[in-house]
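Hi,

Here is the structure I promised to pass on. Have a look at it first, and then read my notes below.

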Amino acid sequence: MRTFGLIPRPVSGVWSASIHKDFYDSGRQMPVITILWSMIAAASLTMMLVHFIVWLRRRDRYAHLSFAFVALSVTGVTLCALGYETASTPAEYGRAMWMIEFAIFAYFVSVVVFVRTYLKAGPIWLGGIVVVLRLLFLVMNLPTEFSINYASIDSIEQVVVLGEPLARPVGTLSPWRHFGELSEVGLFLYLVLATVVVWRRGEKRKAILISASNAAVMLLAAGHAALVFHGLLPPPMMVAPSILFVVMAMSYDLSSEVLHAAELTETVQARESQLRESEKRMDLAGQAAELGHWVWDMRADEIWATQKGRSLYGIGPDERVTFERFIQTIHPEDRDAVHRGINDSLMNKDDFNVEYRVVLPDSGTRWVLARGRFEYDEAGQPARMLGVSLDITHRRIAEERALQIVEASPNAIMLIDFNGSIGHVNSKAERMFDRPRQQMQGLSLDTLIPDLRIGADQHDFAGRLNEVSIRAARREYDLNACRSDGQSFPIEISVSPVQTPDGAFMLVSVIDITERKQAELESARQRNELAHLSRVTMLGELSGSLAHELNQPLASILSNAQAAQQFLAKDQADLDEVREILQDIVDEDKRAGEVIRRLRLLLKKGEILKEPLDINETLHDVLRLVRSDLINHGVHVQLQLTSERLEVAGDPVQLQQILLNLVMNACDAMAQTPTGQRLLLITTERTDQQAVHLCVTDHGCGIPENQLRSIFEPFVTSKPEGMGLGLAVCQTIVKMHDGKLWATNNHGPGATFHLLLPAASKTP
Amino acid sequence: MKNPTPMVYLVDDEQPVLRALSRLLRSKGREVMAFESAAEFIQTHRDDKPGCAVIDLAMPELTGLQLQERLSDLGSSLPVIFLTGNGDIPSSVKAMKGGAIDFLTKPVDGDLLIQAIDRAIEAHTLMLISVAETAALERCLSTLTPREREVLEHVVAGKMNKQIAADLGIVEKTIKVHRSRIMEKMQADSLAELVRMTQKIGIEPARP
């Protein structure tokens, strides 16, 4: 127990040296109360230091500062209490008692402040009153000798408690002490009220630890002190330990706060590092995806962005970005769009989705797609927008290129939605339909192409469009479009579906085929001319027959007429004979007329007809025409024809042309054949596939194998004076009748020409 | 000889033409026989009476030209006139070379045709007469004895009786007798006529 020699001995008279000497002399009896009270003071001081240091570190935590004052005051109170408890003389006691009032005042003030700032409870007006009262009490205490509580102290009784002699004053109490009690009551009320408020607030623990405990302890300590005061109980007064208890309680609470704060700090740090980590990750992801992430804090007018985000807008890595700064990066022409986008997003509670140009500091431009979403606070007001931005320059360039291609196309290109209304059109379409594109957009396609209105299903526009385009391509009918002045022109269209970011559309390509149609007409006309020319040439070669066909009836008519003249010259004319003669004349004339009519038909260059013709009849007509030539060539004709009526659909003149050509060729082929063997065989039959097969077989010189195909080509001929067009023209005619013409050599001498024509269908 | 009515033979494969031509010729008082087929005509026609054939060139089976050949093969004397609907030069040349009297194109004027027919018939008639004459002379000639025959040759050579007697070794008187008998049998009136007759039947005068 030698350590007690280390207890500090103040030079002032607070502690009496003699007591300690006695104490030592009394045989190692520990001054328990002194030790305890010293410990209390030390503890209190320690806590003060601790919390003071905390305050130094966290200047905003005033609770710690005010608590430090509380602890300090408690130290003071404890030391003073120790002083008077161990006083041996009234002067010592009185001194200590006098000094404690300072400490108690400090305690009162610091408790009021502490409760007010830390608990944010306790009516300020009451706190103020309490402080003022205690201040007054202190002021009144100043001039006293034995403190304001005592009018006088006569002597000090010594009571041994726990082996230590403690002082009990004997004297007269001052009535002014009631003033002090009043302030104590006030503080008590203050604390109680604070407790109630805090308790109601739900911070029950705080309420108990700080204000309730304080109040309760006050009550008890005061009560106990009073009893000791009046000698009913032995000293010491338990003020010090009890307020230490309060201080400890308060400290505990504060420490929890400190711990809590430390924990929070740790959590915050952890979160911050997590945040940095995720920011880094986002940065990387953003870099990889070329995405810039950003958060626009609207209330703070600050935009945070990843590195990628910043570089996307040409903003430096450490620059502070306000909304205005952000707008500056945007191309002036696009700023309106951005503002509108933001407004729309706010009004419709939609996502923000705008494409705009960003002007980079090195005066380059890039296209950016920005998408963002608003976050709202508890009041429903927009607080932040989070979003991403993407460099879409490449896409825009590709789009522009695609648009350029569409614009440059020589065909009219239109995008149509599935209801038939026109979306985008290119400039060729504008020129073709003679309307500016603004006028066309939104119109229904069938305004421009009325043929699309024909069709059963009015709702399935796409189906109708597709069907029409296919049927027009198959030449089943001609499709026409309308210009703005109502003028119609022929078109060809093709349709294909496309998927665009705005949805599915149909891409319709329109070609004005007016010129092509004219060219086709011209070509058909020229073919017709050629056929006519060939026909006329051929008929020219038939002049023998033609002359003969006409001369026969003419000869009859002349002879008949001259005979009639003779008869009538006689006195008795045989009128019956004359009548017969006249009838014959009429008949022969008609026959001649018929020949001429047929001839004219063959010679004319008329419209191509398509009518059902009996192939046998046509053949007979042709043979009649060339009868004389056949006779002249010494050719004998044999016919093997079907008995039934075989109809083909075609132009009678052109079909006769083919047959004529084949027969004349056969005659020519047999020019060198001995007279009795010039046999021409013509057969007709119906095939299985509803077609007519006609064969012209001669016994002539045949056709060299390697020329069986080439004879149908133009300018291929075996005749010295021939042009070689006859068979070529026949082939063209046959093709136009959807038929086939080919030649084969017979097993014996000669060749056979085959003509295959589709039978005329029953339905017109 | 009697004068039989000349016959005109019409050959054409077309009925209306045949009818018309027949009418025309009949109206001009000619006798007509019409044939549609060449074969039938060959069978039926007679060339010993005056007549002519009017043949259409372009006929099936046997063309006009072929018919002409046939007639010639048969030795027919009937003159041929060709009628044709188409008059091409090669055909007409061939026809004329083959001995046709004429080559006419349809429609033929009635008068032209009649003229041609008359010419043909006249020629035929003359030919027939000539043929008849020659036949008669041949008959007369056959009545001569061989000696008379021999004398005849010398007589038509213009020799004197004396000479003939000397050439043949016969007495002059006998020559005179032969001479008068020849004149009688041959029914010649003068020496000139006799010479003409022998020329006609192709007897060569003797060499001097």
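Which residues of helix α6 (residues 146–155) of chain B are buried? In this predicted model, they are B:Glu148, B:Val151, B:Leu152, B:His154 and B:Val155. Looking down the axis of α6(B), you'll find these buried residues within an arc of 165°, so they line one face of the helix. Here's a handy rule to go with that: an α-helix has 3.6 residues a turn, so residues three or four places apart point the same way. The cover over the buried residues of α6(B) includes α5 (110–143), α7 (161–168), α8 (172–186) and α9 (191–201) of chain B.

Now hop over to chain A, which has an open sheet of five strands in the order β4-β3-β7-β6-β5, with antiparallel pairing. At its edges are β4 (302–305) and β5 (352–359) of chain A; each has a single partner strand, so one side of each is left without a neighbour in the sheet. On average, neighbouring strands here are turned by 25° against each other, direction ignored. Between β5(A) and strand β6 (residues 365–376) of chain A there are eight bridges, and the two run antiparallel. One bridge pairs A:Val358 with A:Arg366 in β6(A).

Two helices go with this sheet. Helix α11 (residues 332–348) of chain A packs on it, touching β3, β5, β6 and β7 of chain A, and its direction makes about 160° with that of β5(A). Helix α12 (residues 393–408) of chain A lies across β5, β6 and β7 of chain A, at about 120° to β6(A).

One caution: chain A averages a pLDDT of 84, but over its residues 1–7 the pLDDT is below 50. Where pLDDT is low, the predicted coordinates should not be read in detail.

Cheers

Notes: Residues are numbered from 1 along each chain as its sequence is written. Chains are lettered from A and ligands numbered from 1 in the order in which they are written. This is a predicted model: local features need pLDDT of at least 70, side-chain atom pairs count only at pLDDT 80 or more; totals for chains, interfaces and linings use all residues. Side-chain values use heavy atoms; hydrogens and water are left out. Buried means under 20% relative accessible area, exposed over 50%, partly exposed in between (1.4 Å probe, protein chains only). Helices (H or I, at least four residues) and strands (E, at least two) are DSSP runs, numbered from the N terminus. The arc is that of the directions from the helix axis to the C-beta atoms. Contact means heavy atoms within 4.5 Å. pLDDT is the predictor's confidence in each residue, from 0 to 100. Two strands pair if DSSP finds at least two bridges between them. Axes are lines fitted to C-alpha atoms, for helices over the stretch in contact, and angles run from 0 to 180 degrees between N-to-C directions.
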